[in-house]
Amino acid sequence: MTNGFAPLNHSPFGFHFPIPLRFSRMRRAIYPGSFDPVTNRHLDVIERARKLFDEVVVAVAHNDEKQPLFSLEQRLDLLRETAGRIENVRIAEFSGLLVEFARAQNAGAVIRGLRAVSDFEFEFQMALMNRNLNAAVETIFLMPKEEYTYLSSRIVKEIARLGGNVSTFVPGCVAKALSGKFSQ
Ligand code: PNS
């Protein structure tokens, strides 16, 4: 999908001709987040989302005000390494309003992983605010595997900072990057 045309076009006339993407009915979703760093819970949500949509754009927020542990480029690299080769998944970055990015990407949905009741208030507020800003973008909540309900990037960073083993919570390259950060 590099030339701006949708590949699938079964013509009743017996030959194929490309349809420009803006006219195609591709169902595209944005999965936004800080991904500081990507965890197995994020990867689980990506796997679920990609079965529901033609394309999932994993969108890394610049989020400088959150003072992330990993730079934007490092967060993107870790995602490229872990999810970049998954079919119908694309890694991107965004700054500014999420709904504007969704509009620019021609996406009709935003995916958020919902772990527990504690997530709900913030997620509910964000979903309703985003709907207020752009009613054409629907927020869809996906529940990760039960074993990941307690997992967050923040907790993983804390465990790694204190010298704990995070290898069951994050992909190998992320565990390596974390130990690199905290051994400096
Ligand atoms: O992984 P996170 O930190 O929970 O992700 C939060 C994120 C990046 C999805 C959220 O902060 C966001 O959408 N930021 C973009 C700015 C924006 O659109 N703000 C209005 C949302 S109500």
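Helices (H or I, at least four residues) and strands (E, at least two) are DSSP runs, numbered from the N terminus. This model is predicted: local features need pLDDT of at least 70, side-chain atom pairs count only at pLDDT 80 or more, and totals for chains, interfaces and linings use all residues. Residues are numbered from 1 along each chain as its sequence is written, and side-chain values use heavy atoms, with hydrogens and water left out.

**The shell around the ligand**

Start with the ligand. β3 and α4 each supply at least two residues of its shell. α4 gives the most, with three residues. There are 14 residues around the ligand, and G33, S34, K66, L98 and R112 come nearest. Here, a residue is near a molecule if one of its heavy atoms lies within 4 Å of it. By type, the shell divides into seven nonpolar, five polar and two charged residues. Ala, Val, Leu, Ile, Met, Phe, Trp, Tyr, Cys and Pro count as nonpolar, Asp, Glu, Lys and Arg as charged, and the others, Gly among them, as polar.

Which atoms lie 2.5 Å, 2.8 Å and 2.9 Å from an oxygen atom of the ligand? The table lists them. A polar contact is a pair of N or O atoms within 3.5 Å.

| Residue | Atom of the residue | Distance to a ligand oxygen atom |
|---|---|---|
| S34 | side-chain N or O | 2.5 Å |
| L98 | backbone N or O | 2.8 Å |
| R112 | polar side-chain atom | 2.9 Å |

Taken alone, the ligand exposes 550 Å², and the protein buries 76% of that. Such areas come from the Shrake-Rupley method with a 1.4 Å probe.

**The pocket**

The ligand takes up the space of the largest pocket. A molecule sits in a pocket if more than half of its atoms lie within 2 Å of its grid points. On a 1 Å grid over the protein atoms alone, a pocket is an open set of points where a 1.4 Å probe fits, with protein on both sides within 12 Å along at least five of seven lines; lining residues have an atom within 4 Å of a point.

The volume of the largest pocket is about 1000 Å³. Its lining has 37 residues, and G33, S34, N63, K66 and R112 are the closest to its centre. A volume is the space filled by probe spheres set on the points. α4 brings the largest share of the lining, eight residues. The lining holds 13 nonpolar, 13 polar and eleven charged residues.

F35 lies in the loop between β3 and α1. Its phi is near 50°, a positive value in a residue other than glycine. P37 lies in the loop between β3 and α1. A cis peptide bond joins D36 and P37, with omega about 0°.

Methods: A polar contact is a pair of N or O atoms within 3.5 Å; within protein, one must be able to donate a hydrogen and the other to accept it, and residues adjacent in sequence count only if both atoms are side-chain atoms.
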